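Here is a short report on a protein model. Please look through the sequence and the coordinates before reading on.

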Amino acid sequence: FLFVFGMDSPILLDETSFDVIIYGTGLVETYLSAALSVAGKKVLHLEENEYYGSSFATHPYKSYTELLNGPGNASRSNAPETLPPNSSLYTLPKRPNMLGNCSSKLFNPNSPTTEPEETANQENQQTAETESKQDALHAEFMKDSRKYNFDVSSTVMWARGKDLSNMVVAGTHRYIEFHCIKQSMCFTEGQVIPAPVTKKDIFRSKDISLVEKRNLMRFVQNVMQEIQESNVEGDKVEDESKDTVECEEDQNISFVEYMQRQNLSPKLQSFILYIVCLCSSATEANELAKTEGMERVHKYQASSGVYGATPFLYPLYGISEINQGYSRLGAVNTGIFILNRAIDSIVLDEQSGNVKGIICDAGQFLEAPTIVTSARYVPNANAQPLASRFIAVTDKLLHEDHSLIHIVVPPDETREKTVFVSQLDASTFVCPTGKYVVHLTCDAHGTAQEDLQRLVEQLLRTGPDSDAEKPNALFQSYFTLMSHTAPEHPSGVILCPEHPRSDTGLEKYLQSAEELFHQIVGDEIEFFPKRPDPNEQHEAEDDIDI
């Protein structure tokens, strides 16, 4: 296998013919690259940046602030080699920006405050002191830059999710460690409170009545029982009787109507829709079908208690560890990875328009009939807001009893979208001890500040005029994560889809990678066959009698 990092004098490859060339190290691209390499395909994987992950990258403080200031200048391409005969070039844009509406600021809580009666000289002096305090805070962040890990796209993973089980099948679980989120919480009536979703939390909760507790427990038991019975039935053929028709009609109702029939109060319905089913908006909650809602409740319950109190896991050092784990898997299966190496142009056949290969920015022609990339690299791609994001470093906990938490903020009269909040501590290696990283994410409706600032100010102290009892947002940033579509592109170019960042886990990305895998190799080859565990193999060898 080979890992190559781009250099001032770029290294040219001796091997120049591949089955597939993949451009960008996003999640779909990385899943696909590893699967194709394991399947025996010759894969070249290029990344224009010096890091893995694309929109799922994890950055230290320094490079994160640089990312907010723009994608940087693209390197100048070397003169291309002689092209194959009857070829034309399809030139790709360099460093298309995946972020929009970026802003950031530092807040030093020790900075002096300006009083209304102060003179101009006093104001100037305090302004200078404030700037000095801000500079000192920035210097502290720069000194500890590598102790921070900021996810461009932050999520948690289900303990019983397909994405996690695939890591065990593929063997990438050996490269990555996780911590279980300690507490699921919700933000309601201006307070962060434990979400009453587990049996323990339901009985301890002071926010729901005894009757509501009984109804909620009965509801969860009914859902789990019905799911289990449907799994046992499987594909069993039922007689077309009146009862069957009534059953089908019952299945076609909405999940909200089903909960109403179970005598759940509006408060409990809201808990289930947003805390358990994780609906991303009021519209999704109202349109959620009964079957889908029950499956989400079952998934939440099935993942709860597996590794800890909540159903959620977070990878140590950040979400891009998933990308790096699968990149390593691809590399040990003959995949070639080159960071800081961009595609300058795709080489097309003049007559058919089919892909012949690429010209990279080192000027080398590399042959492949299939190119896989993101739509943002296609000329004239359409950009749309995908997610509104906020990241802060704080000095205090959002809830006094818990430092590693997942919070759901349901929609209200001022906001149609659900906001998902996570607070990470030093145990996940994303910040130094005594500091916390807070992420906010919702589907984009306006700019990130329009979507999130009101909630941020309810949760955090963002300036000297805010409530001093709240956690101080020492560093805060807003940005909009962009999605791209490109209806027209050459034959032989395959585009990786984006998915809403409000989704919990990475299952949709894994599913998209599997679909593209079979599109490339057909249905005969298995997507990520189970790999032997070297520990089990050694144990088996030790058991052999000599």
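The model is predicted.

**Sheet.** Three strands form an open sheet in the order β8-β12-β9. Their pairing is antiparallel. The edges are held by β8 (157-158) and β9 (178-180). Each has a single partner strand, so one side of each lacks a neighbour in the sheet. Strand β12 covers residues 312-315 and is joined to β9 by 3 bridges. Phe178 sits opposite Pro315 of β12. In general, strands of a sheet pair through backbone hydrogen bonds.

**Nonpolar cores.** The largest nonpolar core counts 66 residues. Phe141, Phe150, Phe219, Phe255, Ile272 and Leu273 have the most contacts inside it. Another core, of 34 residues, lies apart from the largest one. Its members include Val43, Leu313, Ile494 and Ala513. Nonpolar side chains tend to be buried together in soluble globular proteins.

What does Phe141 contact, leaving aside its neighbours within four places in sequence? The partners are Tyr61, Leu106, Tyr148, Val393, Leu474 and Phe475.

**Helices.** Tyr61 also belongs to helix α2, which spans residues 61-68. The buried residues of α2 are Tyr61, Tyr64, Thr65, Leu67 and Leu68. Seen down the helix axis, they fall within an arc of 155°, so they line one face of α2. Just after α2 comes Gly70, with a positive phi of about 130°.

Helix α12 runs over residues 320-331. From first C-alpha to last, its 12 residues reach 16 Å. That is close to the 16 Å expected at 1.5 Å a residue. How many of its 12 residues are buried? The count is 10, and the helix is mostly covered. Among the buried residues are Ser320, Glu321, Asn323 and Ser327.

**Cysteines.** The structure holds 0 disulfides. Cys277 is in none; its nearest cysteine sulfur belongs to Cys279, 5.4 Å away. The table gives relative accessibility for two cysteines.

| Residue | Relative accessible area | Class |
|---|---|---|
| Cys277 | 4% | buried |
| Cys360 | 1% | buried |

Why do Cys277 and Cys360 count as buried? Buried means under 20% relative accessible area. Cys277 stands at 4%, so it counts as buried. Cys360 has 1%, so it is buried as well.

Definitions and conventions: Residues are numbered from 1 along each chain as its sequence is written. This is a predicted model: local features need pLDDT of at least 70, side-chain atom pairs count only at pLDDT 80 or more; totals for chains, interfaces and linings use all residues. Side-chain values use heavy atoms; hydrogens and water are left out. Two strands pair if DSSP finds at least two bridges between them. Helices (H or I, at least four residues) and strands (E, at least two) are DSSP runs, numbered from the N terminus. A nonpolar core is a set of buried Ala, Val, Leu, Ile, Met, Phe, Trp, Tyr and Cys residues joined through side-chain atoms within 4.5 Å. Buried means under 20% relative accessible area, exposed over 50%, partly exposed in between (1.4 Å probe, protein chains only). Contact means heavy atoms within 4.5 Å. The arc is that of the directions from the helix axis to the C-beta atoms. The expected span of a helix is 1.5 Å times one less than its number of residues. A disulfide is a pair of cysteine sulfur atoms within 2.5 Å.
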